[in-house]
Amino acid sequence: MAERSSIGSVLPAANSPIAKRRRAWREFKDHAARYGVAMGGVSVIFAIVLIFFYLLYVVMPLFSGAEIEIESEYVLAENKIVHLALNEYNDVALSVDMAGEVQFFAADSGQTIVKPELPLLAEKQITSFSHGDYTTGVLAYGFDSGQALIFKREYKITYPDDKRKITPLITYPVGEGLFNVDEQGRLLRALTVQSNEEQTTLIGLSDANTLVVLGLIREEDFMDEDVFTIEEMRTEITLPEGENITHIQMDVDQRELYLVDDEGFLTYYDISVITAPNLIQKIKAVPSGVDVTALSFLTGGISILVGRSDGQIDQWFPLRDIHNNYTLHNVRYFKDQSSPIVALAPEYSRKGFVALDESGQMGIYHTTAERTLLVETLADNGEVAIGLSPKANGVLAVSKTGQATLVAIDNEHPEVSWHSLWQEVWYESRDKPEFIWQSSSASNDFEPKFSLSPLIFGTIKAAFYAMLVAVPLAIMGAIYTAYFMSPKMRTLVKPTIEIMEALPTVILGFLAGLWLAPIVEGNLPGVFSILVMLPIMTILTAYLWTKLPAAWRESIPDGWEAAILVPVVVFIGVVSMLVSPTLELWLFNGDMPRWLDEMGIGFDQRNSLVVGLVMGFAVIPTIFSITEDAIFGVPKHLTIGSLALGATPWQTLTRVVLLTASPGIFSAVMIGLGRAVGETMIVLMATGNTPIMDFNIFEGFRALSANIAVEMPEAEVASTHYRVLFLAALVLFMTTFIFNTVAEVVRQRLRVKYSSL
């Protein structure tokens with residue numbers, strides 16, 4: 001039988017087919033909703049895990065070491081090779097020996113490509129050899145007559161039939177003739193050479209223990225660049241009697257000269273003015289009982305690498321002291337090989353190098369990262385000549401007996417290490433170790449600097465100042481709105497504040513950078529007057545309110561008292577900005593930013609103060625909304641019971657309501673912190689994006705999120721820069737995850753602790 005409801009409709013019987021179908025449909029919807037919600041939650045977790053592992057997948061190659069693989073082995077003619085070089089494709093090699101033979105051959109087979117004939121004279125004996133910077137390819141022979149021949153390796157690349165063809169050749173940057181280095185015709189027992197388009201410098205050590213510096217200035221004909229004249233400049237440096245020079249090196253810019261003697265002293269000359277060389281410093285480079293066995297410049301010509309007989313490799317470079325004079329400093333060392341270092345080959349474009357020791361072990365290092373990437377046996381002993389390819393992805397080694405080995409190197413990201421990412425790094429030409437992020441430059445003579453510490457610092461700084469503004473205002477406002485404000489006024493205030501969260505942060509960042517920052521800079525005293533006077537005047541207004549006649553106070557409905565503060569806040573803001581020029585003139589000589597600079601406090605227009613105000617404004621709605629809901633949701637029987645037992649409203653608030661709502665308040669603060677940490681557009685547009693570590697509120701900064709947004713579009717895919725940006729994203733991801741996890745744990749404990757109220 002059907003039943004009739006109270007409004008007159010007929011309901012089906014409980015066991016009727018219609019009722020059964022309705023119950024079945026309801027159960028289906030319940031199950032579908034339950035499983036749908038569960039699947040949605042699992043999908044979110046799965047997506048987060050996928051994001052984590054994808055970031056990890058992109059980042060992991062940064063921390064892999066170098067790997068080598070033998071590509072080919074063959075035998076060359078037995079001779080004493082003093083120099084080997086590979087081209088950038090690792091398919092053409094050059095060998096130079098002390099007999100004056102120069103040979104280009106296939107790097108993978110040893111097959112001769114061409115043997116250029118040098119303009120040598122049979123009666124002149126080769127006594128020394130030198131190669132300049134690997135990037136220039138300049139070479140020089142020194143003779144027993146005090147003369148020298150300068151030549152250069154080059155590769156001409158053409159594409160006949162759309163196939164690459166490499167034609168190696170020898171050129172003569174200053175002509176094919178011999179140059180008289182030592183005018184007295186004394187034997188040159190050591191030589192160093194460097195060359196560029198304008199100047200070539202030769203420095204020879206004669207058997208009379210005299211250094212001869214010869215500068216050759218090339219002046220090309222205005223009409224034909226192949227026609228040129230050479231202007232010579234020379235000087236001599238007489239070395240102390242008994243000083244036995246074992247190594248001599250000149251930098252690529254032809255401004256610095258380093259000598260090493262058999263007692264381990266490193267002598268540093270300034271030869272920027274060829275006719276007036278200047279001794280800068282002479283320093284003991286190795287301890288007693290240890291010899292210098294190899295000497296080479298790092299790419300760029302700033303640092304000098306010193307290989308020692310105990311297997312250690314030191315990096316030295318000059319720094320200015322307090323008197324503005326250059327002095328040499330041993331900034332770092334590598335001790336992963338135990339046998340004497342016999343050869344050093346710097347990379348062409350990075351601050352890395354390859355070292356070969358007497359036992360035949362090869363080490364691959366990166367100086368700035370202070371990273372040893374590989375130490376592995378290359379040959380049976382150290383009587384091997386090695387040539388490193390320009391891309392540092394191949395090494396050719398030829399032993400004294402002619403055994404040649406071509407090795408491929410996989411070493412994509414040597415410049416990244418835990419030290420370079422998180423610790424202070426002593427970069428070349430810097431006076432001390434520093435945290436620096438500088439991923440690009442306008443010049444090619446540049447080493448990227450990938451310290452994440454300034455970016456982490458900037459992220460924390462942005463979040464700190466934003467929370468300093470947002471937390472007090474949002475929580476205090478939420479407390480008043482939920483507990484003291486009249487319901488009608490609450491219906492106006494709460495939606496108004498919550499709708500602020502819909503404001504696009506790009507608009508807030510735009511306003512902060514182009515509108516608010518200039519106003520703050522021009523009215524700094526007024527801004528600080530507002531920050532100081534507003535709380536004082538609010539308290540004073542509340543005190544004066546209590547002294548008004550009761551009839552006046554009762555004319556304002558309960559819960560609407562806060563409306564009185566609106567004109568007070570507006571009045572304080574207007575007055576503070578009006579008196580700002582007067583205060584600035586009276587207290588700061590009319591220019592507070594300049595006064596701050598004179599006091600040693602840096603000032604940037606786009607600074608942390610602006611970011612704190614605007615980002616705090618952006619975070620307030622999040623914290624306010626969650627906090628207000630948590631306080632308003634406290635069961636009314638707790639409040640009523642407390643008041644009934646004689647507690648005042650304030651006591652009830654502090655001892656009952658806030659404790660009960662504390663899990664929600666804590667969650668609000670942590671969610672707001674997560675929003676501040678991950679904010680991108682405001683910190684991108686309102687900070688100046690200067691990656692510095694200074695907690696000064698008047699200085700800018702660069703945050704992780706802003707850095708990713710700025711540089712990711714310009715990063716080459718799979719490059720070190722690209723992967724480091726992904727590492728920054730991974731750090732941001734893990735930081736947010738840790739914050740949220742800790743927040744959830746604390747929230748659950750607070751909920752358990754105060755659930756009995």
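**Exercise 1.** Find which ring the charged end of Lys 636 sits over, and which ring Lys 282 lies over.

Solution. Step 1: the charged end of Lys 636 is placed over the ring of Phe 632, 4.8 Å from its centre. The test used is that NZ of Lys or CZ of Arg is within 6 Å of the ring centre and within 35 degrees of the ring normal. Step 2: Lys 282 lies over the face of Phe 265, with 5.4 Å to the ring centre.

The model is predicted: local features need pLDDT of at least 70 and side-chain atom pairs pLDDT 80 or more, while totals for chains, interfaces and linings use all residues. Residues are numbered from 1 along each chain as its sequence is written, and side-chain values use heavy atoms, with hydrogens and water left out.

**Exercise 2.** Describe how helix α1 packs against helix α15.

Solution. Step 1: locate the elements. Helix α1 covers residues 17-59 and helix α15 covers residues 720-754. Helices (H or I, at least four residues) and strands (E, at least two) are DSSP runs, numbered from the N terminus.

Step 1: Axes are lines fitted to C-alpha atoms, for helices over the stretch in contact, and angles run from 0 to 180 degrees between N-to-C directions. The crossing of α1 past α15 is left-handed, meaning that the near helix is turned anticlockwise from the far one by less than a right angle.

Step 2: list residues that meet. From α1 they include Ile 48, Phe 52 and Leu 55, and from α15 they include Arg 723, Phe 726 and Leu 730. Contact means heavy atoms within 4.5 Å.

Step 3: sort the residues of this contact. There are 15 nonpolar, no polar and 1 charged. Ala, Val, Leu, Ile, Met, Phe, Trp, Tyr, Cys and Pro count as nonpolar, Asp, Glu, Lys and Arg as charged, and the others, Gly among them, as polar.

**Exercise 3.** State how many aromatic pairs the structure holds, and classify the pair of Phe 334 and Tyr 365.

Solution. Step 1: the structure holds 26 aromatic pairs. Rings of Phe, Tyr and Trp (its six-membered ring) pair if their centres lie within 6.5 Å; planes under 30 degrees apart count as stacked, over 60 as edge-to-face and the rest as tilted.

Step 1: the ring centres of Phe 334 and Tyr 365 are 5.2 Å apart and the planes stand at 55 degrees, so this pair is tilted. Step 3: Phe 334 belongs to strand β24 (residues 326-334) and Tyr 365 to strand β27 (residues 361-366), so the pair links distant parts of the chain, 31 residues apart.

Step 2: Phe 334 is buried at 4% relative accessibility, and Tyr 365 is buried at 0%. Buried means under 20% relative accessible area, exposed over 50%, partly exposed in between (1.4 Å probe, protein chains only).

**Exercise 4.** Classify the pair of Phe 457 and Phe 695, and say which parts of the chain this pair ties together.

Solution. Step 1: the centres are 5.8 Å apart with the planes at 80 degrees, so the pair is edge-to-face. Step 2: Phe 457 lies in helix α3 (residues 453-484), and Phe 695 in the loop between α13 (681-686) and α14 (704-711), so parts 238 residues apart in sequence are tied together. Step 3: Phe 457 is partly exposed at 22%, and so is Phe 695 at 38%. Step 4: ring pairs join Phe 457, Phe 464, Tyr 465 and Phe 695 in a cluster.

**Exercise 5.** Give the phi values of Asp 161 and Glu 370 and the place of each residue.

Solution. Step 1: Asp 161, a residue other than glycine, has a positive phi near 55 degrees. Asp 161 is in the loop between β10 (147-158) and β11 (165-171) and is exposed, at 72%. Step 2: Glu 370, also not a glycine, has a positive phi of about 50 degrees. Glu 370 is in the loop between β27 and β28 (371-377) and is partly exposed, at 39%.
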